[in-house]
Amino acid sequence: MSEILSSLRSLMASHSPPLDALVVPSEDYHQSEYVSARDKRREFVSGFTGSAGLALITKNEARLWTDGRYFLQATQQLSNEWTLMRMGEDPLVEVWMSDNLSEEANIGVDPWCVSVDTANRWSKSFAKKNQKLIPTTTDLVDEVWKNRPLSQMNPVVVHPLELLLRSKLKQESARGYVIAALDEVAWLYNIRGTDVAYCPVAHAFAIVTTDSAFLYVDKKKASDYFKGLGVQVREYTDVISDVALLASDRLFSSFSSKSTKDMEIDSDRTGDWLWVDPAKCCYALYSKLDADKVLLQPSPLSLPKALKNPVELDGLKKAHVRDGAAVVQYLVWLDEQMQELYGASGYFLEAESNKKKPTSETSKLTELTVSDKLESLRAAKEHFRGLSFPTISSVGSNAAIIHYSPEPESCAEMDPDKIYLCDSGAQYLDGTTDITRTVHFGKPSAHEKDCYTAVLKGHIALGNARFPKGTSGYTLDILARAPLWKYGLDYRHGTGHGVGSYLFVHEGPHQVSFRPHARNVPLQASMTVTDEPGYYEDGNFGIRLENVLVVNDAETEFNFGDKGYLQFEHITWAPYQVKLINLEQLTREEIDWLNTYHSKCKDILAPFMNQTEMEWLKKATEPISVLV
């Protein structure tokens with residue numbers, strides 16, 4: 001890291017103008033959460049591998065900002081050359097820069113890797129000391145990254161859905177929309193790719209006007225499919241010059257959208273605005289537009305993409321059934337291995353292990369080898385295309401690292417006397433999955449059981465909620481936390497996120513969270529959202545339970561205010577470990593729900609189980625007696 005920082009500081013000093021600080025964001029040119037290997041610049045300079053964070057390098061310091069999911073992980077991964085800045089506890093990055101950098105300081109950033117919103121917010125903060133945000137002409141990190149991975153060159157694949165955008169432009173009197181978010185490009189043109197690990201997208205931009213449509217992608221990846229849609233395919237690098245042409249109303253296509261029935265619409269000019277989502281479009285593209293003629297507001301595609309159609313919902317439910325079968329088969333295998341190799345009492349019995357150890361290094365189980373087994377079980381399922389994010393396979397104290405990812409050289413060996421948390425998911429052609437289960441193969445402590453039970457109660461409370469239409473995830477978030485709050489416990493992450501349809505595993509614009517922006521978009525029927533409360537005790541253990549839910553209309557006895565009501569439907573299927581539950585703390589209603597869920601789980605997954613697996617599943621889903 002010393003050599004990297006030294007090289008970057010030399011480039012900062014020789015830059016015109018010289019830079020007092022360099023910001024290295026996590027995002028790529030499309031403001032993506034998950035990025036390709038060649039775009040992991042912040043990870044390269046800092047050594048921190050979490051998916052969220054921002055690095056700041058000054059002449060004498062190096063600081064990294066990240067959120068509560070990664071505090072523990074960052075503490076372990078950052079060298080002593082770096083200072084961890086805890087978001088929500090320490091000053092915001094723009095506040096720190098404004099307060100600590102000198103008057104008229106120049107702060108550099110690659111304008112392709114920072115959103116319009118962020119760049120404008122920083123510039124406003126810097127103004128009080130005449131500090132300047134300097135867009136660098138090249139990414140300085142790329143200049144010192146000698147072995148930077150190459151771009152992926154796999155072709156894009158057509159995904160059979162058909163959706164349009166132009167009516168939204170007319171509603172807002174806009175003549176064009178610049179699309180930078182990879183999932184929105186994929187969703188709009190019904191294509192998928194393999195350019196980014198865990199995310200079935202291609203590196204691409206798009207521009208849609210009232211009478212033309214453009215896709216910017218390496219042409220070696222494109223097919224004749226786009227000709228039939230009247231979409232002009234241009235090289236990925238042409239987007240910057242075409243945005244400038246768009247600004248001057250000189251961007252023309254050789255196709256007309258009116259040439260196809262699918263995209264036919266009256267193209268009479270209704271306004272001169274150009275629409276940009278300030279949170280998703282990079283500053284480099286925005287800077288080519290006339291700011292006085294830019295409509296800065298959330299994407300018109302985010303909400304339609306989140307509202308799943310019947311085909312998408314059917315696919316998601318089928319994908320989750322196959323995925324649940326893989327998870328149960330994994331738990332059956334792991335239970336057997338933990339008993340055989342480590343002398344564990346197993347999934348069902350509560351007893352200390354006999355401290356048995358594997359007879360050889362090759363038979364030893366680690367967090368990584370067991371997660372590889374889970375991936376192989378998923379890979380055997382129909383329509384599997386890969387994982388939807390790096391599997392969080394974590395034992396004991398590692399489970400307290402909220403987004404822990406095991407590495408070959410440092411991952412822990414499985415331990416029958418410690419909690420094991422597994423948060424995982426997959427990409428299938430018909431849907432994206434995300435599930436978390438926490439288990440113990442030995443004898444959990446009373447404290448661990450109490451914590452697990454509180455998390456489970458919150459999980460059940462949120463999943464069973466009925467609420468009036470217009471309710472946001474901000475309002476519902478407390479339902480998942482209240483059982484933990486009773487004991488003075490909590491967790492530092494949101495409770496739920498949307499899930500894409502063979503797209504990103506984290507999808508907006510809605511969410512269930514304590515963060516104020518969760519108020520912005522109410523939950524609506526046909527959305528998906530996860531239900532994943534947790535509790536993490538640094539140095540000891542972590543607990544999380546997660547299902548994917550679908551928002552449905554609810555039938556209620558009354559309908560106060562004629563609002564209509566909504567409820568959730570679970571589409572994730574895998575049992576909860578009864579051994580970890582303090583049954584005395586469950587209400588009759590909670591036990592009834594658990595028994596009903598387990599009964600459905602057994603019946604739905606039965607067709608995928610062999611005899612041994614079915615016997616295990618029956619035992620794992622046996623009805624719990626109601627305690628009086």
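Okay, let's start with one serine: Ser173 is partly exposed, with a relative accessible area of 28%. Before I go on, keep in mind that this whole thing is a predicted model.

So what's up with Ser173? Its phi is near 55°, which is a positive value in a residue other than glycine. You'll find Ser173 in the loop between α7, residues 166–171, and β8. There's another residue like that, Asn190, where phi is near 60°, again positive and again not a glycine. Asn190 sits in the loop between α8 (182–189) and β9 (191–192). Is Asn190 buried or exposed? Buried, with a relative accessible area of 5%. Ser173, remember, is partly exposed at 28%, and the cut-off for calling something buried is under 20%.

While we're on backbone geometry, let me mention the cis peptide bonds. One joins Ser16 and Pro17, with omega at about 0°. Pro17 is in the loop between α1, residues 2–14, and β1, residues 21–25. Another cis bond joins Gly508 and Pro509, and there omega is about 5°. Pro509 is in a strand, namely β23, residues 507–512.

As a general point, side chains of opposite charge can pair when their charged atoms come close. How many salt bridges does the structure hold? The count is 35. I'll walk you through a few of them.

Take Arg175. Arg175 forms a salt bridge with Asp249, and the closest N and O atoms are 3.4 Å apart. Arg175 is in strand β8 (residues 174–179), while Asp249 is in the loop between α10 (239–247) and β13 (273–276), so this pair ties together parts that are 74 residues apart in sequence. Arg175 also forms a salt bridge with Asp272, and for that pair the closest N and O atoms are 2.8 Å apart. Here too distant parts of the chain get linked: Arg175 in strand β8, and Asp272 in the loop between α10 and β13, 97 residues apart.

How covered are these three residues? Arg175 is buried, at a relative accessible area of 5%. Asp249 counts as partly exposed, at 36% relative accessibility. Asp272 counts as partly exposed as well, at 33%.

Next, a salt bridge inside a helix. Asp477 pairs with Arg481, and their closest N and O atoms are 2.5 Å apart. Both of them lie in helix α16, four residues apart, which is about one turn of the helix. Asp477 is buried, and Arg481 is too. Then there's a network elsewhere in the chain: salt bridges that share partners join Asp39, Arg41, Asp139, Asp142 and Arg148.

Which residues make a nonpolar surface patch of about 270 Å²? Those are Ile478, Leu479 and Trp485. Trp485 is in α16, which covers residues 473–485.

Rolling a probe the size of a water molecule over the atoms shows where empty space is left. The second largest pocket holds about 360 Å³ of space. It's lined by 17 residues, and the closest to its centre are Phe568, Glu569, His570, Trp593 and Lys600. Which elements each supply at least two residues of that lining? They are α13 (310–342), β28 (565–570) and α17 (588–605).

Last bit: the annotations. The unreviewed UniProt entry has a "Creatinase N-terminal" domain covering residues 6–138. Over that span the chain is 31% helix and 20% strand, with the end C-alpha atoms 18 Å apart. The unreviewed entry also has a "Peptidase M24" domain, covering residues 317–552. That span is 30% helix and 23% strand, and its end C-alpha atoms lie 14 Å apart.

That's it from me, happy to go back to any of these on the screen.

Note on methods
Residues numbered from 1 in each chain as written. Predicted model: local features only at pLDDT ≥ 70, side-chain atom pairs only at ≥ 80, totals over all residues. Heavy atoms only, no water. UniProt positions renumbered as here; feature names shortened; annotations may be inferred. Patch = residues over 30% accessible without salt bridge, like charges linked within 9 Å, V, L, I, M, F, W, Y side chains within 5 Å. Areas by Shrake-Rupley, 256 points an atom, 1.4 Å probe, with all protein chains shown as cover. Salt bridge = Lys/Arg side-chain N within 4 Å of Asp/Glu carboxyl O. 1 Å grid on protein atoms, 1.4 Å probe; cavity = no way out; pocket = protein on both sides within 12 Å on 5 of 7 lines; lining within 4 Å. Points joined across faces, edges and corners; volume = space filled by probe spheres on them. Buried < 20%, exposed > 50% of the residue type's maximum accessible area, 1.4 Å probe, protein only.
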